[in-house]
Amino acid sequence: MTVSDAVDQYTIMSGDRSKIKDLLCNRLTECGWRDEVRLLCRNILLDKTGNNSVTVEQLIAEVTPKARTLVPDAVKKELLMKIRTILAENEAENNSN
């Protein structure tokens with residue numbers, strides 16, 4: 001099991017995953033990322049209108065790499081800090097038992 005898998009599993013079991021997800025959604029909305037991705041999707045769909053219709057899977061495949069690069073470093077750092085805090089609190093609880 002990788003560290004990423006372990007963190008993922010722990011956050012699901014502890015109920016912190018929804019808190020992290022909510023924080024991410026709020027920060028992405030606040031920084032305008034969601035609007036940028038919506039515009040990116042719109043532009044891709046307009047470019048492809050001459051071709052056959054675009055499937056959702058095709059749109060996701062094209063947008064995902066670009067959308068990931070648009071996530072601000074500050075948001076990534078904040079989430080990483082939050083995850084580290086959650087894991088440190090868990091470790092402290094386990095050591096005190």
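At roughly what angle do the axes of helix H1 and helix H2 cross, and within what distance do they come? Before I answer, a word on the basis: this is a predicted model, in which local features need pLDDT of at least 70 and side-chain atom pairs count only at pLDDT 80 or more, while totals for chains, interfaces and linings use all residues. Residues are numbered from 1 along each chain as its sequence is written, and side-chain values use heavy atoms, with hydrogens and water left out.

Now to the helices, which, like strands, are DSSP runs numbered from the N terminus (H or I, at least four residues, for helices; E, at least two, for strands). The axes of H1, residues 3-14, and H2, residues 16-30, cross at roughly 105 degrees and come within 5 Å; axes here are lines fitted to C-alpha atoms, for helices over the stretch in contact, with angles running from 0 to 180 degrees between N-to-C directions. H1 is therefore roughly perpendicular to H2, a label given to angles of 65 to 115 degrees, where under 35 is roughly parallel, over 145 roughly antiparallel and the rest oblique. On the H1 side the contact (heavy atoms within 4.5 Å) is made by Asp-8, Tyr-10, Thr-11, Ile-12 and Ser-14, and on the H2 side by Asp-16, Arg-17 and Ile-20.

Let me stay with Asp-16, which lies in helix H2. Asp-16 counts as buried because its relative accessibility is 12%, where buried means under 20% relative accessible area, exposed over 50% and partly exposed in between, with a 1.4 Å probe and protein chains only. Setting aside neighbours within four places in sequence, Asp-16 touches Tyr-10, Thr-11 and Ile-86.

Which residues make up the largest nonpolar core? A nonpolar core is a set of buried Ala, Val, Leu, Ile, Met, Phe, Trp, Tyr and Cys residues joined through side-chain atoms within 4.5 Å, and the largest has 11 residues, among them Leu-28, Trp-33, Val-37, Cys-41 and Val-63. Helix H3 (33-47) and helix H4 (56-70) are the elements that give this core two or more residues, and H3 supplies the largest share, 5 residues. A second, separate core of 5 residues includes Ile-20, Leu-23, Leu-79 and Ile-86.

Finally, the cysteines: a search of the whole structure finds 0 disulfides (pairs of cysteine sulfur atoms within 2.5 Å). For Cys-25, the nearest cysteine sulfur is that of Cys-31, 11 Å away. Cys-41, buried at 19% relative accessibility, has its closest cysteine sulfur in Cys-25, at 15 Å, too far for a bond.
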